[in-house]
Amino acid sequence: MAGEYAAFHRRSIEQRDAFWREQAQLVHWHRPFSQVLDYSRPPFARWFVDGQTNLCFNAIDRHLDTRADQAALVYVSTEVDQEKRYSFAELHVEVNRCAAILQSLGVARGDRVLVYMPMIPEAVFTMLACARIGAVHSVVFGGFASHSLATRIDDARPKVVVSADAGMRAGKVVPYKHLLDEAIRASAHPPEKVVLVDRGLDPGMPRTPGRDLDYAQLHAAHANADVPVVWQESNEPSYILYTSGTTGKPKGVQRDVGGYAVALAASMKHVYCGRPGQTMFTTSDIGWVVGHSYIVYGPLIAGMTTILYEGLPIRPDAGIWWRIVQDCRVNVMFSSPTAIRVLKKQDAAHLSRHDISSLERLFLAGEPLDESTHRWISDALRIPVIDHYWQTETGWPILTAVPGVEQTPIRFGSPSFAAFGYDLRLLREADASEAGVGEKGVVAIVPPLPPGCMSTIWGDDERFVRTYFSTFSTRQVYSTFDWGVRDADGYHFILGRTDDVINVAGHRLGTREIEEAISAHPNVAEVAVVGMADQLKGQLPIAFAVVKDAAQIADAAQCAAAEKEVMATVDRLLGAIARPGRVHFVNMLPKTRSGKLLRRSIQALAEGRDPGDLTTLEDPTALDQIRAALQGG
Ligand code: PRX
């Protein structure tokens, strides 16, 4: 790679401090930092040491002089047929009131607040209110059910949980409060208070006197709240966001304040090319990292209007997103490959029915973008469609085109080049040496990780080092756990995960977590979950279970009933997003002689591929059973 961007990237690595000192000017510092980077304790990086700033101040207060009346947040719900618009001044008022509510409940700097909410404005207010007072928010995706929620409550130990009576999905009520109550009952460290936004969607919402409080009542009691910003040292934690890995226990990705603010501001400028006063529409959910970075903090820090959309991409029809683009004059859009594949199956006329001339770029991330979908949406929109690759851990793009610096040609199916600040390598698994052109390698980052990336795993520094920096014995590098390859022009292609994480419609799930949930079913002795290629969702989990009592699944009808029960168990514990597409019953699972489950071989069979080297297999008939189960349908 040569050219302007290559020089920009090189400078970010070779003159790291000068580069980031410059980018740091994009945000407000209450007190300037004394050191750009403290890397005295590798691999822990401390950015902008001693600098004092605040994410909420940068997202809201800083804009009040110049854009108080500009829309900051536009809420569009096709679930409850509502639209609400908050200017920066109005958002300031709401966030102050919410911050006062939290303070009145004893929430102070460093305390955790867990947010389990649908896509409603109060969720954004709560996140920003936490940031304002230096509290650490942990948003849990609304699609997660009680067990997932309980493990997160126990790990983060929030003082307060903010939730709602219910959400709506495809016109159906999702009872958040019921799920929350179940999680709190299962939790070893229940919160002191629960604040509930009552949307009037679940009249039967249970309330626990003394613990459960009403958001509207508290809101009324803090009408003229003016809560001073808590200036935080750049490296204090801003939030925890849980993500799946190889073990059943999700990892709390901990983010800082100053590094995150700078990384977001720099990415908004150079990657997304979002200018103050423009509008960004990110179709993700606040429960995911994309929502944190590019629904809430990124656009607001950049002085943009952000759209918060509660609804599906095809309801009331497949033109809804383009209607929003038209009505809100959206300039920058961010979505996922699965969503585009869903739209691709619908009538293409939906696109031409709306005036989408304001749209400058569409960014896609979260899962591999296949070439044909990339081509289809590019042709349909006639604007650059940029595939970019990143992770919850990094908080902002790792691989991307950087059109704010140089308009490099797009190559379909490729997330282009390493983003500035990332010293990215493709390493051979065997000896950590650099893979050649066209050769598959582990996508790795030579530390220090740039600003904005995770500081550590919440409460577990040791696990941070062990998980992410110990893939190679000879070299301490950060592993993304993805395979990648680079072509002769320097374009990258992502080839899938190196670990047991799967990606269902852009949702990252650990197969171990799903296996643990299925094992909770009383008749399941053992289970293997693998991700199987799926045309629409990228991957779909499928399960192979060994039952304790085979007499209970003696005929087809009993098998079908048992399959439904297992699926219901996953729904109840983890949420429907983790539900396996199929549950097959077998007598044994293929394992090595040392007892290790051969997930890769099962996955290969499920996808009709060669199962690979089977010399270590304990009992070859186990694989025959998998084959037979798959053929049996
Ligand atoms: O496997 C990669 C895949 O999604 C993982 C990260 O998921 P998550 O933590 O949910 O963060 C999503 C942030 C956008 C990665 O390890 N992935 C993400 N983007 C791409 C991708 N795979 C291929 N191409 C992408 N553009």
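By a polar contact I mean a pair of N or O atoms within 3.5 Å; within protein, one must be able to donate a hydrogen and the other to accept it, and residues adjacent in sequence count only if both atoms are side-chain atoms. This is a predicted model, in which local features need pLDDT of at least 70 and side-chain atom pairs count only at pLDDT 80 or more, while totals for chains, interfaces and linings use all residues. Residues are numbered from 1 along each chain as its sequence is written, and side-chain values use heavy atoms, with hydrogens and water left out.

At the ligand, a side-chain N or O atom of D387 lies 2.9 Å from a ligand nitrogen, while D482 places a polar side-chain atom 2.5 Å from a ligand oxygen, and for R508 the distance from such an atom to a ligand oxygen is 2.6 Å.

Turning to salt bridges (a side-chain nitrogen of Lys or Arg within 4 Å of a carboxyl oxygen of Asp or Glu), the count comes to 41. One of them joins D61 and R132, with N and O 2.9 Å apart; this pair links distant parts of the chain, 71 residues apart. Taking buried as under 20% relative accessible area, exposed as over 50% and partly exposed as in between (1.4 Å probe, protein chains only), D61 is buried at 14%, and R132 is buried at 3%.

R627 and D624 also form a salt bridge, again at 2.9 Å, but here R627 is partly exposed at 32%, and D624 is partly exposed at 41%.

How values were computed: Helices (H or I, at least four residues) and strands (E, at least two) are DSSP runs, numbered from the N terminus.
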